[in-house]
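Please consult the sequence and structure shown here alongside the text.

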Amino acid sequence: MRYYIIIPTYNEEKFISLTLQSLVEQTVLPTKIVVVNDNSTDKTPEIVLAFTEKHPFITLVNKKSDNVHLPGSKVIQAFHEGEKHIDDNYDIIVKVDADLIFPANYFETIIKHFKSDETIGMVGGFCYIEKNGDWVLENLTDKDHIRGALKAYRAATFKQIGGLKPAMGWDTVDELLCKFYNWKVVTDESLHVKHLKPTGASYNKAARYKQGEAFYSLGYGFLITTISSLKLAMRKGKPLLFIDYLMGFWKAKSSGKPLFVTHEQAKFFRKYRWKKMKEKLF
């Protein structure tokens with residue numbers, strides 16, 4: 001199976017070479033890697049260019065944009081820019097961050113999953129961060145969720161869900177839409193990926209309401225948003241974020257912000273979320 005990788009990057013000179021090196025050492029190589037340099041002010045493009053000279057399947061694309069790093073929108077807009085530089089001759093399309101180190105068998109294993117079942121729409125491993133000299137599982141998400149840092153989609157699935165939404169919550173709506181269209185989402189606990197920069201490390205204060213706005217845009221409703229906000233704030237060890245998330249929800253609702261999805265899809269999402277919550281309680 002042919003797989004293409006798109007890597008949005010912004011000021012990743014510390015990590016991009018480690019990410020690319022781990023990709024060119026895969027036991028099954030990608031057919032294409034498109035690195036989108038999103039207005040970096042450091043040596044990111046020069047580092048990528050050095051890789052393109054050695055590996056013809058790597059391409060550098062330069063994009064101009066605002067330097068403000070709002071979660072979701074900036075990175076997915078860069079991803080969309082990368083999509084303009086690929087064809088449709090792929091079986092799997094992958095969005096990865098520029099601060100990851102993949103084990104050498106990562107994509108060989110991902111491909112095996114896709115080949116094993118034609119109803120599998122998405123596959124991913126798990127992100128590990130360094131703490132006190134050890135690599136430990138990053139605790140922000142559940143084990144049935146694929147982190148936004150390393151998403152691999154079957155081509156047909158990617159097209160049916162309409163690609164990626166340029167806003168915070170894109171890496172939840174994609175999985176919920178997979179389930180809506182009866183695709184399976186598979187996580188593989190054996191695939192340990194080193195995540196070199198903690199999630200959200202570069203977000204600014206303007207981003208603090210975006211999570212609640214995302215919950216609204218997914219059609220969760222207030223009760224599910226309240227439970228999800230409390231859970232996420234506690235996981236991050238910052239209980240006061242709970243208030244910011246709820247404020248973000250109400251700001252989006254009062255402004256009449258359109259949902260990411262149809263009312264039928266939102267109804268499905270709420271039913272699915274309640275089901276998952278009940279499973280954990282009982």
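## Burial and packing

G163 has a relative accessible area of 10% and is therefore buried, where buried means under 20% relative accessible area, exposed over 50% and partly exposed in between (1.4 Å probe, protein chains only). The model is predicted: local features need pLDDT of at least 70, side-chain atom pairs count only at pLDDT 80 or more, and totals for chains, interfaces and linings use all residues. Residues are numbered from 1 along each chain as its sequence is written, and side-chain values use heavy atoms, with hydrogens and water left out.

G163 lies in the loop between α5 (155-160) and α6; helices are DSSP runs of H or I with at least four residues, numbered from the N terminus. From G163 to H80 the C-alpha distance is 9.0 Å, although 83 residues separate them in sequence.

Helix α10 (residues 263-281) has 19 residues and, at 1.5 Å a residue, should span 27 Å, which agrees with the 27 Å between its end C-alpha atoms. The expected span is 1.5 Å times one less than the number of residues.

L150 touches, among others, K95, F102 and V193, not counting residues up to four places away in sequence.

Technical notes:
Helices (H or I, at least four residues) and strands (E, at least two) are DSSP runs, numbered from the N terminus. Contact means heavy atoms within 4.5 Å.
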